[in-house]
Amino acid sequence: MESSLSETTETITELDALIIGAGFAGLYQLHCLRDKVGLSARVLELGDGVGGTWYWNRYPGARCDSESHAYAYYFSSELLEEWQWSERYPGHAEIVRYLNHVADKFDLRRDIQLGSCVVSAHFAESENRWIITTEQGQRFSATYLITAVGCLSAANVPNIPGLQDFKGEWYHTGLWPHDDVDFKGKRVGQIGTGSTGIQSAPVIAETADHLTVFQRTPNYSVPARNHVLSEEFKRHCRENHEEIRAVMHSTPNGHAFTISDRKVFDVGPDERREIYEDYWEDGGLRFRSCFQDLLADKAANDTAAEFLKSKIREIVKDPQVAAKLSNIDHPYAAKRPPIDTNYFDTFNRDNVSLVDIRANPIERITPMGVETSAGHHELDIIVFATGYDAMTGPLLNMDIRGRDGLPLREAWKEGPRTYLGLTVSGFPNMFTITGPGSPSVLTNMPVAIEQHVEWITRCIAHLQDDGVKRIEASAEAADLWVGHVNDAANATLLPQAGHSWYLGANIPGKPRMFMPYAGGMVRYRTICDTVSDNGFEGFRLDEDAVGPPKAVQNATVGPFVASTTTNATGI
Ligand code: NA7
């Protein structure tokens with residue numbers, strides 16, 4: 001079904017670019033398109049404030065696992081010099097303060113419309129424009145549609161029978177209320193032990209009368225070793241941001257630390273143990289960087305996995321609980337590796353218990369609590385730390401339709417198919433910031449976001465300069481890219497965690513397909529630059545937009561095809 005401007009007499013706001021989402025991606029994209037390219041642009045944001053993921057993720061212990069000096073925009077030296085983070089990892093409230101500061105500094109608020117939920121975006125082919133509708137009934141028409149909806153923003157509340165009859169309170173960590181939740185004197189059940197659950201359990205346990213953690217898949221975790229930043233370190237960051245950016249742009253994962261050249265079996269067992277101990281003491285995601293082949297070689301990974309399991313057994317005093325927590329079935333870091341503050345130690349508290357729901361699954365939620373196949377647990381509050389319909393969920397929750405009325409849900413019914421994770425064949429002039437098929441969640445997100453925003457900005461500026469009305473990825477280029485994304489994943493151990501959200505395996509019925517690009521950020525940046533330098537290779541560029549795409553220009557093969565070698569280290 002095609003939308004048309006002429007079909008309606010309702011007011012339609014005309015724009016050059018419409019951006020969905022006011023998190024890291026949407027704010028920077030607005031700044032670039034409005035202030036650098038000179039377009040009329042607007043951001044529509046569902047929340048009542050800016051912050052994206054961090055507006056919603058306010059659960060106890062919510063904190064980023066990227067280090068704060070790297071979890072920031074690097075496009076503005078002035079911003080880098082004036083903003084100071086307080087701790088090694090930024091907490092959710094500080095990130096929201098930072099993004100509000102950015103919105104004010106670059107005068108972005110006048111083009112951000114809060115409390116606006118986009119329900120549909122249809123490409124009106126005859127006008128060559130996107131028609132966007134909000135739940136509130138507003139309509140917009142824009143030449144370019146840019147989704148900045150985040151990868152982890154569609155909360156997954158599992159469909160467990162009986163939830164509607166539960167007499168207590170329940171919350172999902174990704175939709176945490178803005179009024180604080182009081183756990184004092186309450187019996188709390190937490191379902192989920194991913195990065196979120198591992199952050200929230202120790203904090204909930206501090207005030208709850210009792211915390212029951214329902215664990216389906218045991219998980220590795222490395223201590224975060226969060227601390228207040230010294231004045232000396234803050235000064236170092238202010239004075240050396242060029243060097244820090246250079247490191248972030250040289251690593252496959254976009255973090256501000258380098259990855260060792262050393263391989264696991266280059267050293268003997270004693271030296272290896274010492275190396276693991278040093279990185280364990282240092283803490284955080286840096287642990288992954290102690291050897292270059294942890295995600296490429298299963299035998300190498302096994303040594304790290306065994307080290308981390310031995311740490312769980314050391315920390316947790318009850319051997320039966322330790323055994324349940326360390327009975328981990330996937331390679332280290334093949335699922336997103338959590339970092340924590342006192343997670344395993346929390347199970348030494350008298351008011352905390354662990355329930356193995358892999359052995360004894362949850363059967364239903366009752367009015368009074370949770371019933372597993374082994375018994376009933378009375379609860380006042382249930383916390384769902386059950387993750388997200390990652391990467392595709394936020395896009396497919398909107399009714400997006402491209403050329404010939406093709407629904408995105410139809411185009412992606414067997415899994416997401418993108419070109420570069422940035423564009424979708426059949427959806428002209430639409431760009432997906434950190435979309436499936438891009439490095440996104442395998443990297444320090446602001447690095448991936450800045451690269452996407454800057455590429456999209458260059459692309460749109462090029463279209464404007466050359467009077468090109470329409471850009472669309474060719475189906476051939478998309479097919480090749482999807483193949484390359486699969487090859488890149490298969491060159492690593494990442495697909496070996498069969499139940500990971502990287503594969504869509506956490507959502508019943510979701511097609512299994514490894515979604516992020518595992519070839520590393522450096523390689524990916526080179527590919528994107530080569531595509532644009534070669535006149536937007538793999539895209540159709542139509543001068544005359546009306547009607548179906550004309551001659552296929554540059555729609556041959558992408559530069560990625562020549563080599564399938566993947567730099568898998570350190571992801
Ligand atoms: P994750 O990593 O998807 O973890 C969700 C957890 O919830 C995980 O332990 C799941 O077990 C569990 N889960 C999910 N559905 C159910 C049901 N139906 N029953 C029981 N347990 C369930 O989400 P997070 O929010 O922790 O982290 C998401 C990302 O945010 C993280 O990777 C960082 O990038 C930031 P499973 O493992 O599926 O057996």
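Me: How many bridges join strand β8 to strand β16?
Reply: The model is predicted, so to speak of its limits at the outset: local features need pLDDT of at least 70, side-chain atom pairs count only at pLDDT 80 or more, and totals for chains, interfaces and linings use all residues. Residues are numbered from 1 along each chain as its sequence is written, and side-chain values use heavy atoms, with hydrogens and water left out. Strands (E, at least two residues) and helices (H or I, at least four) are DSSP runs numbered from the N terminus, and two strands pair if DSSP finds at least two bridges between them. Strand β8 (residues 187–191) and strand β16 (residues 381–384) run parallel, and the number of bridges joining them is 4.

Me: Which residue in β16 stands opposite Val188?
Reply: β8 and β16 run parallel. Opposite Val188, the residue in β16 is Ile381.

Me: Which are the edge strands of the open sheet with parallel pairing?
Reply: This open sheet has 5 strands in the order β7-β16-β8-β9-β12. Two of them pair on one side only, and these edge strands are β7 (169–172) and β12 (352–356).

Me: What is the average twist from one strand to the next in this sheet?
Reply: Axes are lines fitted to C-alpha atoms, for helices over the stretch in contact, and angles run from 0 to 180 degrees between N-to-C directions. From one strand to the next, the twist averages 20 degrees.

Me: Which residue in β14 is the bridge partner of Arg364?
Reply: β13 and β14 (residues 369–372) pair in the antiparallel sense over 4 bridges, and a hairpin joins them through 2 residues. Ile362 has Thr372 in β14 as its bridge partner. For Arg364, the partner in β14 is Glu371.

Me: Which residue in β15 is the bridge partner of Gly369?
Reply: β14 and β15 run antiparallel and are joined by 4 bridges. They form a hairpin with 2 residues between them. The partner of Gly369 in β15 is Glu378.

Me: How much of the ligand's accessible area does the protein cover?
Reply: An oxygen atom of the ligand lies 2.6 Å from an N or O atom in the side chain of Lys335, and one lies 3.0 Å from a backbone N or O atom of Ser195. A polar backbone atom of Ala385 is 3.2 Å from an oxygen atom of the ligand. Of the 770 Å² of accessible area that the ligand has on its own (Shrake-Rupley method, 1.4 Å probe), the protein covers 87%.

Me: How many aromatic pairs does a search of the whole structure find?
Reply: Rings of Phe, Tyr and Trp (its six-membered ring) pair if their centres lie within 6.5 Å; planes under 30 degrees apart count as stacked, over 60 as edge-to-face and the rest as tilted. The search finds a total of 35.

Me: Are the rings of Trp85 and Tyr98 stacked, edge-to-face or tilted?
Reply: Their centres are 4.8 Å apart and their planes stand at 45 degrees, so the pair is tilted.

Terms used. Polar contact = N/O pair within 3.5 Å; in protein donor to acceptor, adjacent residues only side chain to side chain.
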